[in-house]
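Trainee: Could we walk through this one together? I'd like to start with the loops and then turn to a helix.

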Amino acid sequence: MSLNEETKPGDARCPDHPSTKELIKNDKGGAPKPLLEESYNFLGDEDIPYERYTSEKFANAEDEHMWSKVWQWACREEHIPEPGDYYVYDVGDRSAIIVRTEDNEIKVYYNSCLHRGTQLKPANSSGFCKELKCPFHGWSWSLKGELEFLPCDWDFPHVNKEEFSLPEIKFDIWCGFIFINFDENAKPLSEYLGVLPRHFENWKLEDRYIETHVIKKLPANWKVSAEAFLEAYHVLETHSEGVYTAGDANADYDIFGDHISRFVHTIGYTSPHITENRPSEQEIFDILMGKRTEEGAGQKLPEGTSAREAYAEHVQETMKEKFKQDFSHLTVTETIDSIEYFAFPNAFFFPGLQLSMVYRFRPNGVDGALFDLLFLRPKPIDGPCPPPPEPFALEIEDSYTKCPGTEFLGAVYDQDTNNLLSQTKGFKSSFKKGQSLGNYQEARTRHFHQTIDKYLENING
Ligand code: FES
Ligand SMILES: [Fe+2]
């Protein structure tokens, strides 16, 4: 009898290899508690219809019932450090202006003039202003949102200035990210984020700065684009150069409530797919260090130390040199692994030291998406913190490697982009009409759709 016949759907795991939780627990120094929390239930195995990605009607339903009600991060606090700084966040046709007032308060307004609707600030812009002045007829609001100037007010006896303050959008802050919600009745962000605040207590993303920010146009629906990052199942075929050092098939997947899911895959453990001639710990270490033994440049792995432990130590040393602070308190997994939390509907947070990315996916038409890719790094302990960089814009055909600082991972992300275009085409030419997902490794994708459905059905708001 095979393993699959003995177990219920969703119970099967990659055979003959330790899970990620087992691996990281056994690292020297162990693993932080949140990463050992297990939370997975079988969510069903029905096909997910391709229509959900290709239909205009479905996209409109998402816009009306989901984007209008979810918490989504709009910018970081450091994007608006001084009074008068503003940042415009756009998602679909929705647009919000986040400003810092003279009293150092943050306010978020609908980016639309109360006279004839003109956007007060251009889409995706940021900068400094003393007031919010409409470029059409010049109605002007203070940073606090009070209507201060209405040209020819004799012609508008029906406009009471007190009643023409800019309507506000709900916001809250988590780990330096300013989240907004277009639903004035939305439940608090802390409740929405579920386990996230507790899990990130010691990871303090608020103490990091944005080193790199790329905005890349992707040739696929925003959900397909995000889903490319929800599983490590594709590593074997798509990123095959990584299999000697990436624990893919034995990665862990966890789902915490409606809005949060997570995967952790280890660096420095050879893929379970490699069944013959698995590299030794010394060989893995050499690959991680970019040095093959045959070149004679390999550094000898200390006795009793695993490749990943030694590599983590090396990364901590390199980071110490670069960021002038000590990271030796971090565990191996926090230092090198791919630890990825997804916050529904469109944000990914990596708390790791080396892999410290943030992703955000926004719709750009039905068959397109905007992908914000950020690298966050530890803020200097003393001395000034670099200001957020201007986002580096990449078109669909541009390689990520064009952006300075993303050369290495850029080549990996390019491999993902190729899949996105093929999937979009394949959705439309498919006989089958839906995708069949793995019960465990692709559970986060199913969960993503199930949460969308809760919004579309208005069960959960
Ligand atoms: S539309 Fe804004 S002032 Fe007229
Ligand atoms: Fe990928």
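Trainee: Happy to begin! In which loop is lysine 204 found?

Mentor: First, a note: this is a predicted model, where local features need pLDDT of at least 70, side-chain atom pairs count only at pLDDT 80 or more, and totals for chains, interfaces and linings use all residues. Residues are numbered from 1 along each chain as its sequence is written, while chains are lettered from A and ligands numbered from 1 in the order in which they are written. Helices (H or I, at least four residues) and strands (E, at least two) are DSSP runs, numbered from the N terminus. Lysine 204 is found in the loop between α7 (196-199) and β12 (208-218).

Trainee: Why does lysine 204 count as partly exposed?

Mentor: A residue is buried if 20 or more other C-beta atoms, placed from the backbone, lie within 10 Å of its own, exposed if 12 or fewer, and partly exposed in between. Lysine 204 counts as partly exposed because its C-beta neighbours inside 10 Å number 13.

Trainee: Which residues of helix α5 are buried, and why do they line one face?

Mentor: Helix α5 covers residues 56-67. Seen down its axis, the buried residues fall within an arc of 55° (the arc of the directions from the helix axis to the C-beta atoms), so they line one face. The buried residues of α5 are Ala59, Glu62 and Trp67.
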